[in-house]
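Here are a few exercises to work through with a structure viewer open. Try each task yourself before you read the solution.

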Amino acid sequence: MRTLARAQGERHDPATGEAPGKILHERRRAGFELHGMSLPARYYGTVDATALWVGLLYDAWRWGLPEAEVRALLPNLRAALFWITGLSDTDGDGFAEYLDESGRGLANQGWKDSGDAVRFADGTIAKPPVALSEVQGYQYEATVRAAELLAALGEPADGLLDWAATLRSRFRSRFWVTTADGHFPALALDGAKQPVDSLTSNIGHLLGTGILDPAESSSIRELLLGPTMSAGFGLRTMSATAGGFSPLRYHCGSVWPHDTAVVVRGLHASGQSSHAASPGLQLVHAAGGFDNRLPELFSGYGSDDVSSPLPYPASCRPQAWAAASAVTLLVAFLGLRVDVPAGVLTLDPPRPSPVGALRVRDLPLAGGTLDVTVAADGTVTDLRLPPGLRLG
């Protein structure tokens, strides 16, 4: 967080994508050029990192980051909120969108940043500027969490909750579509403000953000865990019924472990922990096909097609996003929720445990460690809490 804060944007620069308050996307030793694309060494071309940084600060606070360290980052939090609520909506439609102003940067600036990642159900590639579905959820969650954090520290949070409520209402009225796949939020709005109507894993990132109501969350869960999205080794990035789908297409049919883990986290956060076990266990099975070192991505062929996940030729392995998936799975399988400022820890494992008996030792938490044992039926049989925490 501190590294990203030090590189936070301070000025408008179309060549690098920099803007005041914006969080860095990537940094290289030198510029990078490929097929007419030219990325500077320090590049801000992403629409989601700023809200995700705010969410990370909130999570770190809840998990025990000392208050003094949280307060030291409040100026960066204020700057990030300034970008989210004031600068991320570049065309005044009420949604955060991206557009490569340089003409030589990334055409798509969400986590799915390949040039053909944003497609309609018929396979047509959407034209910019693009307002991604999940980014609206990230920004809703970021502003609500920031308001909670600031209030807890006795700092003003004027207007943040009103801004979030307006976004939530606007999102519900503009993004939802009904297709042959069902009723769900569109992948994005394109430059003409038309909903990009393909069913994708992006909508899973909305789970747990608060932008959905319980019925909407359940509807999304059913679609994601259905046969066109759930491959048996994780969730496909795009439905197998979509016109742009291919199991070996980078962002339109492959499986990314971190993407599935985000959905697992969202199911857990939205009170659907029992359903989080299914995609979580799929990732565990997939890891067995890669010597328990999950790659960046692998093919979207299902378990009915292949006996083990088929590697993607250019996938990084090891890769940080994929490795971090294990942490998310552990939290979900324990049913773990932590609020160090309130001195409360909650354990509510799925019943039965999707991975059988589970024992965790020396999990760093709140300046101490957590030890917990879960029986195969999901019962907590042994527990040692860090000092200062009580079971809620």
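Predicted model: local features only at pLDDT ≥ 70, side-chain atom pairs only at ≥ 80, totals over all residues.

**Exercise 1. Check the span of helix α2 (residues 49-62) and work out how much of α2 is covered.**

Step 1: Start with the length. Helix α2 has 14 residues, and from its first C-alpha to its last it reaches 20 Å. At 1.5 Å a residue you'd expect 20 Å, so the span is close to that.

Step 2: Now go through the residues with the cut-off in hand: buried means under 20% relative accessible area. Ten of the 14 residues pass, which is to say α2 is mostly covered. They are Ala49, Thr50, Ala51, Trp53, Val54, Gly55, Leu57, Tyr58, Ala60 and Trp61.

Step 3: Look for the cover. Among the elements lying over the buried residues of α2 are α1 (2-6), α3 (67-72), α4 (74-87) and α5 (133-152).

**Exercise 2. Is histidine 258 buried or exposed, and which residues does it touch?**

Step 1: Histidine 258 belongs to helix α8, which covers residues 257-269.

Step 2: Apply the cut-off. Histidine 258 has 11% relative accessibility, so it counts as buried.

Step 3: List the neighbours, skipping residues up to four places away in sequence. That leaves histidine 258 in contact with Trp111, Trp321 and Ser325.

**Exercise 3. Find the strand order in the open sheet that contains β5, and say why β5 and β9 count as its edges.**

Step 1: Trace the order. The three strands run β5-β8-β9, and the pairing is antiparallel.

Step 2: Count partners. β5 (131-132) and β9 (195-196) each have a single partner strand, so one side of each has no neighbour in the sheet.

Step 3: Zoom in on one pair. β5 and β8 (residues 188-189) are antiparallel and joined by two bridges. One of the pairings puts alanine 131 across from leucine 189 in β8.

**Exercise 4. Work out how the strands pair in the open sheet that contains β10, β11 and β15.**

Step 1: Get the order. It reads β10-β11-β15, with mixed pairing. The edge strands are β10 (336-339) and β15 (390-391), each pairing on one side only.

Step 2: Take β10 with β11 (residues 344-347). Four bridges join these antiparallel strands. Aspartate 339 stands opposite valine 344, and valine 338 has leucine 345 as its bridge partner.

Step 3: Check the link between them.

Step 4: Take β11 with β15. Here the strands run parallel, with two bridges joining them. Valine 344 turns up again, this time with arginine 390 in β15 as its bridge partner.

**Exercise 5. What is the volume of the second largest pocket, and which residues are closest to its centre?**

Step 1: Note the space: about 400 Å³.

Step 2: Find the middle. The pocket is lined by 23 residues, and the closest to its centre are Gly17, Lys22, Thr90, Leu99 and Glu101.

Step 3: Sort the lining by type. You get nine nonpolar, eight polar and six charged residues.

Technical notes:
Residues numbered from 1 in each chain as written. Heavy atoms only, no water. 1 Å grid on protein atoms, 1.4 Å probe; cavity = no way out; pocket = protein on both sides within 12 Å on 5 of 7 lines; lining within 4 Å. Points joined across faces, edges and corners; volume = space filled by probe spheres on them. Nonpolar A, V, L, I, M, F, W, Y, C, P; charged D, E, K, R; others polar. Buried < 20%, exposed > 50% of the residue type's maximum accessible area, 1.4 Å probe, protein only. Contact = heavy atoms within 4.5 Å. Pairing = 2+ DSSP bridges.
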